[in-house]
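Visitor: Before we look at anything in detail, could you show me how to read a cavity and a strand in a model such as this one?

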Amino acid sequence: MLLVNSVVEDNGQFYRVLAITPNHAIWIDIYKRLADPIEFDISAIAEAIQNKYARVVNDPFIDETLKHPTEAQKNRLEANWLVMQKVADNPYRLFKHGWLRLYEEVIDQNHPEFSKKHFYKLLRQFLQRGQNKNALRPDFHKQGAPKQPRNIANKKVGRPRITTVGTGIPITDEIKQLFREAIDKYYLNSMRMPWTKVHDLMLLKFRKQYPTIARQDSPTVTQLKHLFNMEYKAIKTAQARNTAIAFEKDVRQLTSTATAQVLGPGDRFEFDATIIDLYLVSEKDPSKIIGRPTLLIVIDVFSRLTAGFYLTFEPPSYVLAMMSLANCLENKVDVCRRLGISIEFEDWPALGLPTAVLADKGELLTHQADSLVNVFNTRIENAKARRGDAKGIVEQRFRTLQAEFKPYAPGVVTTETVKKRGGKDYRLDAKLSLRQMEEIIALLIYKHNLKGMKKYDADEGIPEDLPYTPKDLWKWGIMNRSGALKSYDVEKFKVLTLPRNTATVSNEGIKYQSLTYSCSEAFEKGWFIRDKHRTRPQKVEIGFDPRSTNKIYVFPLGQTSQYWIAQLTDRSRAYKDMTFYEAKLSMQVSKLANSEAANANKDKQLSADEEIQKRMESAEKRAKTGSKSASNSARIKSIKTNKKEAIAQERKERAVGSNPDNDPKTPPNNVQPMKRQEDFSHPDIPDDIYGDED
């Protein structure tokens with residue numbers, strides 16, 4: 001069915017229907033420059049449309065007529081409409097032979113500034129674009145040929161210089177090629193060189209190629225940037241001036257939001273860890289500066305509610321990640337009560353494990369996280385490497401949390417260095433302890449839960465009168481959207497998500513990393529009986545906390561939730577209250593010391609072996625020189641008598657008060673006794689003994 005102002009495509013031409021009568025209609029070619037209204041058979045075109053030789057299409061000018069006009073367009077439009085409104089409903093507009101009459105009756109006398117040519121042009125535009133006021137809007141956007149190259153003559157185009165010397169030169173194709181080479185080489189790379197430097201490097205090559213051109217007439221940086229804006233696209237430029245990772249993370253166009261990918265609370269938690277820009281002191285001795293703590297946070301994507309956190313001096317690890325997830329299972333009223341803070345449950349209602357946890361390729365990218373998936377049915381999702389934007393909610397939370405306490409907290413890391421004159425070492429300002437910092441973090445999270453979010457992208461179905469605060473969004477989502485949260489015993493969760501490994505069972509106990517453990521359950525089953533009839537496994541699966549060697553958790557049935565607590569035995573008491581890493585280092589130091597001592601004493605040990613061998617050989621020689629008149633049986637029978645005599649002699653020599661040094665002893669074989677020579681002559685007496693001097 002044809003209507004007035006319908007646009008019809010027929011044989012590749014587009015026509016607008018201007019008027020319809022019972023048998024005929026009038027249309028005009030909407031794109032032809034000198035188009036005239038044409039009468040056609042309405043039944044013929046209707047049949048063509050039915051047989052699909054022609055078709056009704058959308059009005060191509062509708063978008064342009066609906067745009068809000070600029071001030072200049074509005075002024076010109078009002079002037080045109082003031083004239084053309086007098087002929088808008090005149091039937092002579094539909095016939096070319098009536099246009100002259102319209103001009104003479106309506107335009108010529110009342111508006112002499114309108115020429116006949118101008119009138120015909122406006123009338124065609126009026127008919128071709130919809131026969132309404134906006135059809136007369138001028139096409140100012142087509143003027144000036146934007147983004148089109150100009151034909152360069154011998155004179156520079158553009159406005160003349162006023163504040164700089166020189167007149168400039170026209171930018172020829174050869175100079176444009178210099179511009180392109182400089183842009184491609186110096187500007188379109190990740191070094192992010194500024195335009196002024198690119199221009200300077202371009203001028204070096206330009207002056208070599210055009211030495212006769214005066215320096216004040218050299219191409220300007222504005223001309224260089226003009227060619228860049230004409231020929232280079234923004235997307236390609238952004239990709240070239242950023243590394244692939246930086247472009248994907250910080251520059252690329254965004255297509256969705258994190259909230260749009262979840263249905264309600266517990267669908268996805270975001271997890272991350274960071275080292276806080278603050279130095280802390282010891283709890284026991286405030287004069288001891290400990291260092292910067294690690295903060296781990298778990299945030300619900302849907303509501304932005306902080307579901308769990310963990311503050312520690314230890315570096316980020318899988319175990320700490322599990323501790324922060326375990327905090328998600330704790331009632332935050334109890335958590336805050338332990339910190340001396342009183343809150344109501346409805347102000348921090350986070351309780352339960354999510355369906356999925358989104359983290360980077362760090363703490364949770366390990367096979368140890370399999371227990372989180374297999375036992376607690378929580379999916380682990382890992383973002384791409386160096387793509388913090390994939391979990392932007394928790395990354396931004398770190399920034400806002402630290403922004404709260406940085407202005408007034410002592411010991412905050414600053415950019416000012418100590419070496420700079422007047423600079424102060426911010427580490428010496430540290431005054432907060434770990435416990436105090438944990439209390440501050442808890443209060444900041446509590447404060448955030450009550451704060452409205454101005455830029456929260458609400459999903460459809462969320463009531464308009466619902467405050468966009470984390471606690472209210474969580475509460476509404478739990479009641480109306482999601483039942484994905486799961487509850488477990490906190491201590492059991494901590495044990496079952498510990499790192500797993502295999503330990504060996506021996507008579508001494510359960511051996512893991514050269515440490516010995518034992519438990520009452522293993523004693524009852526007789527695992528450590530030193531008898532060949534015992535029944536025990538050679539190996540057993542255990543869970544361990546890398547932060548403490550004091551106990552391990554034995555899983556006698558493998559991948560089940562049943563476990564025994566095994567304590568460190570006295571055999572390994574030297575490694576009590578250590579981490580497994582510290583115990584390993586201590587063992588290495590001990591082995592190294594033993595090895596060094598063995599090497600240092602090796603010569604003495606060999607000397608001792610040599611002396612032992614000598615005495616063995618001496619005994620062999622004595623046995624050969626001894627009397628062998630007695631028979632073997634007689635020698636054996638005399639053992640008891642000989643032993644009694646040896647005991648009596650030993651008692652005599654070693655009794656208290658005896659002086660074994662004065663007793664005659666048989667000299668060693670290699671010692672010859674000294675013999676005194678008998679001489680009865682008078683001794684030689686010196687003369688001075690009698691006082692004689694002569």
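**Reading a cavity and a strand**

Guide: Let us begin with the lining of the largest cavity, which is made up of Phe 61, Glu 64, Thr 65, Arg 129, Asn 134, Ala 135, Arg 137 and Asp 139; please keep in mind that the model is predicted.

Visitor: How many residues of each class are in the lining of the largest cavity?

Guide: By class, that lining has four charged residues, together with two polar and two nonpolar ones.

Visitor: What is the volume of the largest cavity, and how many cavities of 30 Å³ or more does a search of the whole structure find?

Guide: The volume of the largest cavity is about 40 Å³, and the search, run over the whole structure, finds one cavity of 30 Å³ or more.

Visitor: Turning to the strands, why is strand β3 described as largely enclosed by the rest of the structure?

Guide: A residue is called buried when its relative accessible area is under 20%. Strand β3 covers residues 24-29, and five of its six residues are buried, so the rest of the structure largely encloses it.

Visitor: Which strands are joined to β3 by bridges, and how do they run?

Guide: Strand β2 (residues 13-20) runs antiparallel to β3 and is joined to it by five bridges, with Ala 25 in β3 as the bridge partner of Ile 20, and a hairpin of three residues connects β2 to β3. Strand β4 (residues 38-41) is also antiparallel to β3, the two being joined by four bridges, and here Trp 27 has Ile 38 in β4 as its bridge partner.

Key
Residues are numbered from 1 along each chain as its sequence is written. This is a predicted model: local features need pLDDT of at least 70, side-chain atom pairs count only at pLDDT 80 or more; totals for chains, interfaces and linings use all residues. Side-chain values use heavy atoms; hydrogens and water are left out. Buried means under 20% relative accessible area, exposed over 50%, partly exposed in between (1.4 Å probe, protein chains only). Two strands pair if DSSP finds at least two bridges between them. On a 1 Å grid over the protein atoms alone, a cavity is a set of points where a 1.4 Å probe fits but cannot get out, and a pocket is an open set with protein on both sides within 12 Å along at least five of seven lines; lining residues have an atom within 4 Å of a point. Grid points are joined across faces, edges and corners, and a volume is the space filled by probe spheres set on the points. Ala, Val, Leu, Ile, Met, Phe, Trp, Tyr, Cys and Pro count as nonpolar, Asp, Glu, Lys and Arg as charged, and the others, Gly among them, as polar.
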